[in-house]
Amino acid sequence: MAIQTRRDQFRGEWMELLDEKAEEALDTYCPEDLSKYVDQLLNRSRHVLSKNLSQPLGYDAIEKAFRSWRNSLGEKAKPFVLHGLRKLAIICLTEAGCSDAEIQAVTGPSAEMVAYYRKRASRKTLSRSAQMRRT
């Protein structure tokens, strides 16, 4: 979804991302730190992750760079794969107390996929969050 994102898809606090599976453009809130990061990139190519001025990097190049970075982190990082980042995002959003609808708005998967990955969230984190909201 984000690999071929163009700079012109970042507009203030919003970014337009393509859900490749659904073939649908999604307007998504862009956190301020991400917006600042994109603005400060020295490379002035058309795409955020670029091969040259007009072409995006391909999945294979991104995956290779991700794997190299992951390997530099040691053994604990080995289970993480580029393809699993959406799953990780769903788990993190679940643990942050987000609803299924909010998770879908950020990550784009079906309700069934959100429910599937939601089960992998930490029960400890979720129980703390639930009890904190009671008070």
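The entries below follow the order in which I looked things up.

Entry one. I noted at the outset that this is a predicted model, and I then looked up the salt bridges, of which the structure holds seven.

Entry two. I went to helix α1, which covers residues 32-40, and found that the side chains of K36 and E32 meet in a salt bridge with an N to O distance of 3.1 Å. The two residues are four apart in the helix, so about one helical turn separates K36 from E32. I also looked up their exposure: E32 is exposed, at 52% relative accessible area, while K36 is partly exposed, at 45%.

E63 is partly exposed with a relative accessible area of 21%, and R67 counts as partly exposed at 35%.

I then turned to E75, which forms a salt bridge with K78, their closest N and O atoms lying 3.6 Å apart. E75 counts as exposed at 62% relative accessibility, whereas K78, at 47%, counts as partly exposed.

Last, I looked up a nonpolar surface patch of about 240 Å², which is made by F80, L85 and L88. F80 sits in the loop between α2 (59-72) and α3 (85-95), and F80 is partly exposed, with a relative accessible area of 42%.

Methods:
Residues numbered from 1 in each chain as written. Predicted model: local features only at pLDDT ≥ 70, side-chain atom pairs only at ≥ 80, totals over all residues. Heavy atoms only, no water. Patch = residues over 30% accessible without salt bridge, like charges linked within 9 Å, V, L, I, M, F, W, Y side chains within 5 Å. Areas by Shrake-Rupley, 256 points an atom, 1.4 Å probe, with all protein chains shown as cover. Salt bridge = Lys/Arg side-chain N within 4 Å of Asp/Glu carboxyl O. Buried < 20%, exposed > 50% of the residue type's maximum accessible area, 1.4 Å probe, protein only.
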